[in-house]
Amino acid sequence: MTTREKIIACGTQAIIGKSYNAVGLHEILATAGVPKGSFYHFFRSKEDFGVAVVEYFAAKAAEHLRTVLRHPSRSPLARLRFWFESARDGLAKNAFRRQ
């Protein structure tokens with residue numbers, strides 16, 4: 001994992017847990033274990049970073065959706081049902097508190 005990817009992955013988890021506005025760069029960088037200069041090497045601002053987080057999260061979600069919807073051992077209806085049930089279960093597991 002590159003330094004940029006590490007910052008994005010750690011930032012994504014922090015934002016999911018607290019929200020974009022509640023998470024500071026210091027917290028993200030401390031979790032990622034990288035200095036502040038590294039952040040500004042990869043991102044112009046926190047807003048630029050936020051766009052990268054949304055793109056990262058969307059790509060991961062799309063990858064998971066493709067995997068579920070292409071599962072060969074389930075019928076198309078079972079694939080959709082599994083997708084919605086797993087989304088529901090994931091939300092319930094986190095007490096509907098993720099951002």
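The charged end of lysine 46 sits over the ring of tyrosine 20, at 4.5 Å from its centre (NZ of Lys or CZ of Arg within 6 Å of the ring centre and within 35 degrees of the ring normal). The model is predicted, with local features requiring pLDDT of at least 70 and side-chain atom pairs counted only at pLDDT 80 or more, while totals for chains, interfaces and linings use all residues. Residues are numbered from 1 along each chain as its sequence is written, and side-chain values use heavy atoms, hydrogens and water being left out.

A polar atom of the lysine 46 side chain lies 2.9 Å from the backbone oxygen of tyrosine 20.

Aromatic pairs (ring centres of Phe, Tyr and Trp, the last by its six-membered ring, within 6.5 Å; planes under 30 degrees apart stacked, over 60 edge-to-face, the rest tilted) number 5 by this rule. Phenylalanine 39 and phenylalanine 43 form a tilted pair, with 5.2 Å centre to centre and 40° between the planes. The ring centres of phenylalanine 43 and phenylalanine 49 are 5.3 Å apart and their planes stand at 80°, so this pair is edge-to-face. Phenylalanine 39 and phenylalanine 43 are both buried, and phenylalanine 49 is likewise buried, with a relative accessible area of 0%. Ring pairs link Phe39, Tyr40, Phe42, Phe43 and Phe49 into a cluster.

Definitions and conventions:
Polar contact = N/O pair within 3.5 Å; in protein donor to acceptor, adjacent residues only side chain to side chain. Buried < 20%, exposed > 50% of the residue type's maximum accessible area, 1.4 Å probe, protein only.
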